[in-house]
Amino acid sequence: MTENQPPLARQLQAPPVSWTRDIDVVVLGSGAAGLSAALAVRPVRSVVVVTKDVLSAGSTAWAQGGLAGVLHPEDSLEDHIRDTIIAGAGLCDEQAVRELVEAAPTSIRYLMRLGAAFDPDDGGDVALTREGGHSHQRIVHSGGDRSGAEVQRTLDESAVGAGVEVMDHAFALDLLLGRGRDGQRQVAGVRIAQLDAQGTVISIGVITARAVVVACGGFGQIFASTSNPPAVTGDGVALALRAGLPLTDVEFVQFHPTVMFTGPEARGQQHLVSEAVRGEGAILFDAAGERVMAGIHPLEDLAPRDVVAAAITQRMAAGANGVFDHVYLDATHMGEHFYDRFPSITAACREIGVDPARDRIPVAPASHYACGGIRARLDGTTALRGLYAAGEVSRTGVHGANRLASNSLTESVVTGTRCGRDLAWELPERVEVLFDAAGVASAGLVDPAAIPQIRTAMSRHVGVLRDQRSLEQAAAVLSEVLHQSSREQVRADRESWEATNLLTVASAVVTAAAARTESRGCHRRTDFPDPAEAWVTHLDVRMDAQGHLRVTGA
Ligand SMILES: Cc1cc2nc3c(=O)[nH]c(=O)nc-3n(C[C@H](O)[C@H](O)[C@H](O)COP(=O)(O)OP(=O)(O)OC[C@H]3O[C@@H](n4cnc5c(N)ncnc54)[C@H](O)[C@@H]3O)c2cc1C
């Protein structure tokens, strides 16, 4: 993204503020991370969960495979740590991985005590399955492939039952900042829009608080084809970027290798075919009937996601039997047992006339998980006092250049709970609002009509495989959208705020992807196909005072 283009928005324009309130802790987002934080802080602090839609609109409710944690006597913490670090391709923070893996079994038992019903095995213990990159059976699941829905249900009921206040259809716009007694910048609150069910503004308000926990999830919706639900538009990372925080590792977007292929025109959220299907022995074939993963990796079809997604993309480019846009997953060895083990995948297959007990399932890679985000520790603390980040919005160093399957729900619960407990214990001092984004001169909002342009450019040019030319093409499209929006006056509502955030986050991803001239984890550059020792480092993207992005750390 170049100097001679208009700046990105430094605030989300909105009508004037008409109400204010004050509280100890504001949690933004109601997925596994946000609700875990709110639940842990609730006994001793006033807390409100602000969420832009209904409680279950985020990715959590869609998770299929389950949660990873060492529960089997033959498994070990060291093996889980090793598997996570191998998947992370040289960029994991080993201490963060160790902390997560050690806390994972407790977090799963905690969910069970809250009432989560994980599937039992024949002996009545919790059933454990395996997914790509894991050396043991260590994934707990629920309802077969409805694991996330059970986690969401459990946390919804627990949080509401514990008296956590929820403000739904409330969109977090921007942070409000102040200064602590030592002169350091600190979060003082957040500007919120209350919306009707169509996303039209009812009112704008300010909530002042001693702590703001950002748990707004990832940004899969910057791509045309994604497993993420419509609410996952990168609002949390964009808000942090505008507040001056660095985003770290955002070039590492994980593409799920097997998202159901429903036709070349399919756009938006697509149905996932969980990795657990390959965990149960399913095999990938191209349209000519040749195996995709044979000879590519020792774990073959259970290789880490980045390896499988890249292999499928290369095989699709070769166009076996003239098919360039999908391959097939064969789970027919499971027969009708497939229906019980994977009920929601079965339902999705039936919608496109596929019987998974008899037919191969058409699949293709699609954007799935943001390994990067707001730089934070496993207790949620960030570089900005009073601001905490938990779940997929954060980058704790656990996932490195590529997340190991089923580590993210666990991370959301561990980080959210830890952050909430620490805030129950101690809060930052209260500070006055000094910098209100509403007072910042800023570019206007992006027209929602430009969203398909942004998404198509990202999927076409910044997908599983990228190179300098494709990244320049993406940057040119994003720049054109920015130019268009600088000439227009756009109405403030949920859609235009999301469009503005999508453009900001897409620009950050392209900036980081262009800077990293190597291939590592889920960042694959065809012009730099190998990992380079010099790149065992992290990139930070920041927004300067003018609204231009800067990348550092190279
Ligand atoms: C189809 C699918 C399958 C998956 N399967 C697995 C799996 O098996 N195992 C695993 O570990 N991980 C899985 N993942 C990833 C995992 O589900 C997510 O990483 C995790 O749920 C993220 O939780 P979260 O709380 O950080 O965010 P989310 O659950 O995405 O919640 C984000 C919340 O923030 C709210 N929000 C967003 N913007 C705003 C705003 N501006 N103002 C207010 N609220 C806002 C949203 O409405 C939502 O409530 C899967 C993801 C998908 C999409």
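Biologist: Leaving aside its neighbours within four places in sequence, with which residues is Pro-6 in contact?
Modeller: The model is predicted, and in it Pro-6 is found in the segment before strand 1 (19-28). Once neighbours within four places in sequence are set aside, the residues in contact with Pro-6 are Ala-443, Leu-482, His-483 and Ser-486.

Biologist: How many Å apart in space are Pro-6 and Ser-486, C-alpha to C-alpha?
Modeller: Ser-486 is one of the contacts of Pro-6. Although 480 residues separate Pro-6 and Ser-486 in sequence, their C-alpha to C-alpha distance in space is 7.0 Å.

Biologist: Does Pro-6 count as buried, exposed or partly exposed, and why?
Modeller: A residue needs 20 or more other C-beta atoms within 10 Å to be buried, and 12 or fewer to be exposed. Because Pro-6 has 17 C-beta neighbours inside 10 Å, it counts as partly exposed.

Biologist: Against which elements do the buried residues of helix 2 pack?
Modeller: Helix 2 covers residues 77-87, and its buried residues are His-80, Asp-83, Thr-84, Ile-85 and Ala-87. These buried residues of helix 2 pack against strand 3 (67-68), helix 3 (94-114) and helix 10 (407-425).

Definitions and conventions:
Residues numbered from 1 in each chain as written. Predicted model: local features only at pLDDT ≥ 70, side-chain atom pairs only at ≥ 80, totals over all residues. Helix = DSSP H or I, 4+ residues; strand = E, 2+ residues; numbered from the N terminus. Contact = placed C-beta atoms within 7 Å.
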